[in-house]
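Let's walk through this model together, one question at a time. Have the sequence and the 3D view open as you read.

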Amino acid sequence: MNRLLSALTVAAVLFSSSHVLAQIPLAGDMMGKEGLDIGTSTSEIAITSDFRGADLTIFGALTNADQLLLAIGQYDVVVTLEGPRDETTVRRKDRLFGIWMNRTSMTFERMPISYSLASTRPVEQIAPAQTLTGLGIGIDHLALTPTGYISYDANITEFRDAFRRIKQSHGLYQRDTNGVRFVSSSLFKATLRLPANIPDGVHIVHAYLFKTGEFIGEKELPLRVIKTGIEDSISRAAHENPLAYGMLSVLLALITGWGASLMFRKD
């Protein structure tokens with residue numbers, strides 16, 4: 001009888017202990033899912049008459065990261081800066097009766113006017129092309145969607161390639177495949193180059209986190225680019241009073257031409 005009571009007591013203690021252990025969360029559950037936080041060196045950039053471009057620094061930190069995966073470099077970060085979006089028209093010139101003229105055009109809906117990218121390595125090595133296209137990461141993976149009338153002889157691929165080529169040749173679309181680097185086990189720093197012809201308006205900084213090719217999450221912050229001084233006054237006058245601005249421009253051109261003719265006139 002005493003043996004039976006002892007066995008029952010031990011079983012009750014073991015059941016109670018297992019029930020308590022089952023309620024204690026594992027270390028992995030306490031850590032949660034990986035993520036990232038970011039901050040920028042400035043929230044506003046002023047464009048003056050002598051503006052020649054600038055560098056934007058983004059600081060970030062990984063949260064709940066696996067230290068082993070960090071040590072062997074399984075985390076990747078991509079940082080982008082997207083300018084204001086607007087419709088963009090690409091035109092193709094053809095030779096007609098010996099004269100080169102615009103014959104075909106294609107308009108793409110709401111594309112970033114400017115786009116800068118920095119990453120820990122080439123984005124094609126970070127994630128599959130389908131993932132990059134779905135997220136719109138990388139110059140070659142931005143969604144170039146035609147809108148409006150499309151001519152039957154228009155080749156969409158050719159116009160998309162021309163759009164990217166024009167943007168890159170003007171410095172508005174840039175990429176740096178080594179622009180993000182880890183300064184410690186979980187802290188990273190990214191540098192984006194802003195071109196001299198960067199458009200004014202609200203730009204968006206995006207930071208994307210990948211683990212072994214899998215998209216984990218993203219963060220975004222706004223960045224204001226504003227014109228100051230006489231450039232701002234001229235820009236506002238052109239948009240708010242286009243008729244007066246046009247007439248004044250013509251008048252200044254006439255005065256300038258007349259003055260130049262007087263200065264260089266031969267007696």
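Some terms come first: buried means under 20% relative accessible area, exposed over 50%, and partly exposed in between (1.4 Å probe, protein chains only). Helices (H or I, at least four residues) and strands (E, at least two) are DSSP runs, numbered from the N terminus. This is a predicted model, in which local features need pLDDT of at least 70, side-chain atom pairs count only at pLDDT 80 or more, and totals for chains, interfaces and linings use all residues. Residues are numbered from 1 along each chain as its sequence is written, and side-chain values use heavy atoms, with hydrogens and water left out.

Q: Which residues of strand β2 are on its covered face?
A: In a regular strand, side chains alternate between the two faces of the sheet. Strand β2 spans residues 44–47, and Glu44 and Ala46 make up its uncovered face. The covered face of β2 holds Ile45 and Ile47.

Q: Which are the edge strands of the open sheet of four strands?
A: The order of this open sheet is β1-β3-β11-β10, and its pairing is antiparallel. An edge strand here pairs on one side only, and that holds for β1 (35–40) and β10 (180–182).

Q: By what angle are neighbouring strands of this sheet turned against each other on average?
A: Axes are lines fitted to C-alpha atoms, for helices over the stretch in contact, and angles run from 0 to 180 degrees between N-to-C directions. For neighbouring strands in this sheet, with direction ignored, the average is 25°.

Q: What is the bridge partner of Gly39 in β3?
A: Strands β1 and β3 (residues 54–63) run antiparallel and are joined by six bridges. Within β3, the partner of Gly39 is Phe59.

Q: Is Thr191 buried, partly exposed or exposed?
A: Thr191 belongs to strand β11 (residues 187–194). Because its relative accessibility is 31%, Thr191 counts as partly exposed.

Q: How far apart are the C-alpha atoms of Gly73 and Lys211?
A: Gly73 sits in the loop between α3 (67–71) and β4 (75–82). With a relative accessible area of 45%, Gly73 is partly exposed. Gly73 and Lys211 are 138 residues apart along the chain, and their C-alpha atoms are separated by 9.2 Å.

Q: What is the phi of Arg110?
A: Arg110 is part of strand β6 (residues 99–112). It counts as exposed because its relative accessibility is 52%. Although Arg110 is not a glycine, its phi is positive, at about 40°.

Q: Where is Thr212, a residue with a positive phi?
A: Thr212 is not a glycine, yet its phi is about 50°. Its place is the loop between β12 (201–211) and β13.

Q: How far apart are the end C-alpha atoms of residues 243–264?
A: UniProt lists residues 243–264 as "transmembrane region" in an unreviewed entry; such annotations may be inferred rather than shown by experiment, and positions follow the numbering used here, with feature names shortened. Over this stretch the chain is 95% helix and 0% strand. The end C-alpha atoms of residues 243–264 are apart by 32 Å.

Key
Pairing = 2+ DSSP bridges.
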